[in-house]
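Dear colleague,

Please find below the structure that I am handing over to you. I would ask you to keep it open while you read the notes that come after it.

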Amino acid sequence: MTALTISSSTASSLVSRLTNTFAMPSFDTPEKLRPTAYLDGLRGFAAFLVYWHHHELWSHGLVRDAIFERGYGFDGQHYFSALPFVRNFFGGGHYAVATFFVISGYVLSVKPMRLIHAGEQEKLADNLASALFRRWLRLFMPLIATTFLFMTSWHAFGIWVDSAKPQSNYRDEFWWWYAEVKNFSFIFHLGGEPWLSYNFHLWSIPVEFRGSMVIYTSLLAFSRCTRKARLWCQVFLIFYFVYIVDGTHYALFSAGMLLNDLDLLAIKDELPNFLTQFEPYSKHIFYSLFVVSFYLGGVPVHTNDINDLAKTPGWYYLSFLKPKAVYDYKWFYLFWAGVFLVLSVSRIPWLKRFFETRFCQYLGRISFALYLVHGPILWTIGDRLYTAVGWGREPQLTMLANWVNKFPLPMAGPFGLEMAFLLPHIILLPLTLYVAEISTRLFDEPSVTFPNWLYKQVMGSGQPTRLP
């Protein structure tokens with residue numbers, strides 16, 4: 001029998017890779033930020049708001065969730081955390097997702113739109129072909145990896161997870177997971193639940209993929225239009241998604257594309273005259289849009305009934321603006337909130353600088369992984385910590401009996417800022433950020449490099465490149 005030997009260089013390389021993969025995160029930022037760096041920071045901060053929103057809801061329970069979801073003063077309830085503007089820091093997850101979609105539309109169209117402006121039709125075709133080829137892998141590879149590991153942990157470690165319905169054995173679990181992920185990742189799948197039971201926070205990933213298809217096909221369709229016609233086509237597409245059909249998600253993507261187009265025209269001093277005449281008032285306009293965005297971003301979401309919105313103080317007259325085409329009214333207001341936010345951030349210097357800070361840039365780098373892993377950590381470690389400090393509820397009181405009030409903490413403080421809620425984050429926040437960092441290195445970054453490598457292989461040009 002031949003002994004298995006590993007060369008010292010191979011062993012050293014392996015150790016180095018493992019060390020780099022599991023090393024603590026670095027908050028270093030590039031010496032020169034790219035022009036859209038503020039969007040990276042905004043996306044990262046939005047991902048953090050999603051994390052915070054879900055922890056607020058999970059810890060406080062279903063009965064109290066309505067306080068975060070309702071508007072200030074609804075049904076005679078008045079809480080600091082439900083105040084206009086303030087509420088976005090407690091329940092701003094929906095506002096954050098709307099912002100994700102606008103940013104995606106903007107960023108996905110940056111390079112193709114530059115090629116359209118330059119009249120580089122052949123390069124545009126190459127760019128869109130590459131983007132279309134890589135997009136599914138880019139979005140679903142990390143989802144597949146993280147949900148597989150989460151599902152496996154139930155059986156490997158015997159972890160009880162609230163709302164999960166594990167199968168009797170791992171083989172059946174694997175098949176159930178495969179069937180769910182297969183259907184969930186097929187964007188033309190009709191019927192069934194829009195959620196993935198292995199991580200229901202990820203409902204937005206198929207929307208992200210469909211929104212990407214809207215952007216790529218729109219860019220191709222409008223690529224030979226005149227400047228004026230191209231802008232009007234984008235405006236009509238947004239109008240169609242908001243006021244004719246129930247497509248506000250895709251209006252958010254399309255609006256991001258339009259904002260990018262206008263920014264590129266502004267750089268070349270080619271904005272339509274209609275817009276340039278507002279230049280002397282731009283500071284007041286963009287600050288006003290930011291305030292409006294922050295107000296609309298806090299739209300009450302505890303129900304789909306527009307009559308309940310009308311009963312909420314501060315929303316009566318706004319409730320009349322909802323188009324009949326929109327079923328879930330919150331997305332109409334979140335559409336304007338997300339668009340106005342992305343539009344105003346780059347025009348408000350102090351706000352732009354905030355999203356270019358080291359921490360926001362770091363959050364931007366790990367934002368996708370943070371979105372993927374914060375739920376599983378919340379439902380495993382977070383659930384047990386919250387139960388231990390006094391947030392126990394059914395079925396935790398039964399299924400996690402050994403954790404109930406293990407380390408009780410005072411419930412003092414404003415609703416949503418209790419000591420018993422804040423102190424567990426001394427553990428939960430660093431842990432979640434670290435797992436997000438590891439997931440970024442293991443799954444997120446390879447979901448960029450692998451599709452790039454694969455696309456070069458299938459193109460069949462030149463010598464084969466080495467798999468990254």
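This is a predicted model: local features need pLDDT of at least 70, side-chain atom pairs count only at pLDDT 80 or more; totals for chains, interfaces and linings use all residues.

Residues are numbered from 1 along each chain as its sequence is written, and side-chain values use heavy atoms, with hydrogens and water left out.

Aromatic rings

Rings of Phe, Tyr and Trp (for Trp, its six-membered ring) pair if their centres lie within 6.5 Å; planes under 30 degrees apart count as stacked, over 60 as edge-to-face and the rest as tilted. By this rule there are 49 aromatic pairs. One of them joins tryptophan 154 and tyrosine 198, which are stacked with 5.4 Å from centre to centre and 25° between the planes. These partners come from distant parts of the chain, 44 residues apart: tryptophan 154 belongs to helix α5 (residues 121-157), and tyrosine 198 to the loop between α6 (170-184) and α7 (204-222). Helices here are DSSP runs (H or I, at least four residues), numbered from the N terminus.

Are these two residues buried or exposed? Buried means under 20% relative accessible area, exposed over 50%, and partly exposed in between (1.4 Å probe, protein chains only). Tryptophan 154 is buried because its relative accessibility is 7%, and tyrosine 198 is buried at 1%.

A second pair is formed by phenylalanine 354 and phenylalanine 355: the ring centres are 5.1 Å apart and the planes stand at 70°, so this pair is edge-to-face. Phenylalanine 354 is partly exposed at 35%, whereas phenylalanine 355 is buried at 6%.

Ring pairs also link residues into a cluster, whose members include Phe85, Phe89, Tyr95, Trp315 and Tyr333.

Packing of two helices

Helices α5 and α7 pack with their axes 10 Å apart and at an angle of about 175°. Axes are lines fitted to C-alpha atoms, for helices over the stretch in contact, and angles run from 0 to 180 degrees between N-to-C directions. The two helices are therefore roughly antiparallel, a term for angles over 145 degrees.

Single residues

The peptide bond from glutamate 394 to proline 395 is cis, with omega near 0°. Proline 395 lies in the loop between α15 (358-389) and α16 (396-399).

Two residues other than glycine have a positive phi: serine 163, near 80°, and aspartate 269, near 55°. Serine 163 is in the loop between α5 and α6. Aspartate 269 is in the loop between α9 (248-267) and α10 (273-276), and is exposed at 70% relative accessibility.

Finally, threonine 449 is part of helix α19 (residues 446-459) and is partly exposed at 37%. Threonine 449 and valine 299 are 150 residues apart in sequence, with 39 Å between their C-alpha atoms.

With kind regards

Notes. Angles under 35 degrees count as roughly parallel, over 145 as roughly antiparallel, 65 to 115 as roughly perpendicular and the rest as oblique.
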